[in-house]
Amino acid sequence: MTFERLWSDLAPVGRSTASGGYFRQPFGSAEREAHAWFVEAATARDLRVETDGFGTTLAWWEPEGADGPAVLTGSHLDSVLDGGAFDGPLGVVSGLAAIDLLRARGVVPRRPIAVAAFVEEEGSRFGLACLGSRLATGTTTPEAAAALTDRDGTRLGDVWADVGLDPSAGSPWLARVGAFVELHVEQGRDLVDRDAAVGAASAIWPHGRYRFDVTGEANHAGTTRMEDRVDPMLTFAMTALAANKQARLAGQRATFGRVDVAPNGTNAVPSRVTAWLDARCSTDEGLQTLVAAITEQAAQRAGRDGTTLVVTAESVSPAVTFDADLTARLVTGHDGPDWPVVPTQAGHDAGVLAAAGVPTAMLFVRNPTGVSHAPSEHAGTADCLAGVEALATSLERLAG
Ligand SMILES: [Zn+2]
């Protein structure tokens with residue numbers, strides 16, 4: 001009941017009436033409303049609210065006598081552009097609901113438990129995914145993050161100041177964390193195929209974001225002869241096809257999902273095309289090989305088109321393996337079969353904390369279609385409740 005109520009309270013925030021998808025970009029009005037909802041829900045539960053210098057917010061359950069390394073759960077409230085309802089919020093809502101469940105059962109943990117709402121997990125506004133956890137762990141410096149700009153040219157540093165954040169405060173909560181368990185909707189169909197409502201993650205594939213800047217010469221679409229053009233769109237078009245082909249051949253993933261064209265006029269040969277490649281592979285070497293192969297084909301095509309190509313790696317995250325002992329403690333010893341342990345191709349704050357040495361596990365809740373980052377992303381209520389139960393059990397095991 002508590003899960004359903006929390007879920008229905010949060011559901012309208014940032015939802016597009018046109019598509020049914022979500023637009024919760026970091027520090028935008030919808031995301032701030034979701035953040036305020038989290039603070040209110042935590043306060044209503046007598047949880048102590050702590051916001052760090054970058055905007056990540058934690059709700060602390062610190063019963064009398066609870067001490068030692070804390071157990072952290074939670075996820076994020078921001079979304080991709082036109083994203084689904086579950087990616088992120090499911091983990092935050094389930095964290096609060098799991099605390100309600102433990103309290104209803106009279107459980108008093110020996111260690112503090114906290115629910116986190118990480119800021120800017122998707123990188124949908126400032127381009128760098130898992131920004132809150134990267135800043136907390138020092139993977140990204142506050143100076144570098146402050147200089148990031150959104151599509152309107154607004155600096156993140158200015159946004160921090162506008163909302164009253166003080167980045168020099170850092171993320172003092174991290175030092176208290178002894179273990180992290182992030183619950184997340186599955187972004188594939190592994191659990192569907194295994195007929196399991198809940199599973200755990202074994203590892204995250206290495207992944208990266210690469211900006212391809214192709215420069216040509218703007219000219220008239222009518223009067224410029226075809227053989228006289230220096231058209232960066234052609235270089236990009238071939239590069240997109242090459243990315244798809246190379247990824248297919250290697251059994252990996254490559255996507256151009258974002259393109260910026262200048263001057264973006266119907267009757268003009270463009271002067272510049274900027275496109276972002278998202279690439280993911282099962283190994284770090286595979287990722288390097290894949291991106292090198294795509295870059296090589298793009299460069300060859302640029303040579304034929306007379307265009308200039310510059311490729312910049314905006315972020316690269318190596319493979320992450322979750323804590324096998326911690327995961328084993330969580331997936332066994334239940335009524336029924338052990339929870340399956342499956343890999344994922346999606347990045348998460350859990351991956352950043354794991355890479356920084358925090359003992360970390362992830363729980364997945366079944367997604368019937370496997371669709372994610374789109375309005376049709378889904379998890380059934382019964383599966384969500386199974387997720388809350390699984391998370392509560394996990395927190396109880398870790399916090400005593
Ligand atoms: Zn997510």
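Let me start with Thr-327, which is found in helix H10, residues 324–331. This is a predicted model, so please hear everything that follows with that in mind. Is Thr-327 buried or exposed? Its relative accessible area is 6%, so Thr-327 is buried. Leaving aside neighbours within four places in sequence, Thr-327 is in contact with Ala-200, Ala-201, Phe-322, Val-341 and Ala-361.

Next, the domains. The chain is divided into two: domain 1 takes 2–205 plus 319–399, and domain 2 takes 207–317. Their C-alpha centres lie 33 Å apart. As for the contact between them, 13 residues come from domain 1 and 13 residues from domain 2.

You will find Ile-294 in helix H9, residues 284–305. Its relative accessibility is 0%, so Ile-294 counts as buried. What does Ile-294 touch, not counting residues up to four places away in sequence? The list is Phe-212, Thr-239, Ala-242, Ala-243, Gln-246, Ala-254 and Leu-277. For a sense of distance, take Phe-3, which is 291 residues from Ile-294 along the chain: their C-alpha atoms are separated by 45 Å.

Now the metal. Which residues coordinate the zinc ion? They are His-76 through NE2, Asp-87 through OD and His-184 through NE2, at 1.9 to 2.2 Å. Along the chain, these donors follow the spacing H-x10-D-x96-H. His-76 lies in strand E3, residues 70–76, and His-184 in strand E5, residues 177–185, so this pair ties together parts that are 108 residues apart in sequence. Both histidines, His-76 and His-184, are buried.

Stay with E3 for a moment. How many of the seven residues of E3 are buried? The count is seven of seven, and the strand is mostly covered. Ala-70, Leu-72, Gly-74 and His-76 point one way from E3. Val-71, Thr-73 and Ser-75 point the other way, and all of these residues are buried.

E3 has partners. With E5, E3 pairs in the parallel sense over three bridges. One end of that pairing to find on the screen is Ala-70, whose bridge partner in E5 is Val-177. With strand E4, residues 113–118, E3 also runs parallel, and six bridges join the two. There, the zinc ligand His-76 has Phe-118 of E4 as its bridge partner. Between E3 and E4 you can follow a helix: E3, helix H3 (residues 89–104) and E4 make a right-handed β-α-β unit.

Last topic, the nonpolar cores. The largest has 54 residues, and Trp-37, Phe-38 and Leu-90 touch the most other members. Apart from that one lies another core, of 25 residues, including Ala-70, Ala-114, Leu-174 and Phe-364.

E3, which carries His-76, is joined to E4 by six bridges and to E5 by three.

Definitions and conventions: Residues numbered from 1 in each chain as written. Predicted model: local features only at pLDDT ≥ 70, side-chain atom pairs only at ≥ 80, totals over all residues. Heavy atoms only, no water. Core = buried A, V, L, I, M, F, W, Y, C linked by side-chain atoms within 4.5 Å. Buried < 20%, exposed > 50% of the residue type's maximum accessible area, 1.4 Å probe, protein only. Donors = N, O, S within 2.8 Å, 3.2 Å for Na, K, Ca; no water. Helix = DSSP H or I, 4+ residues; strand = E, 2+ residues; numbered from the N terminus. Pairing = 2+ DSSP bridges. Right-handed = clockwise from strand over helix to strand, strands pointing away. Domains from an automatic or database assignment. Contact = heavy atoms within 4.5 Å.
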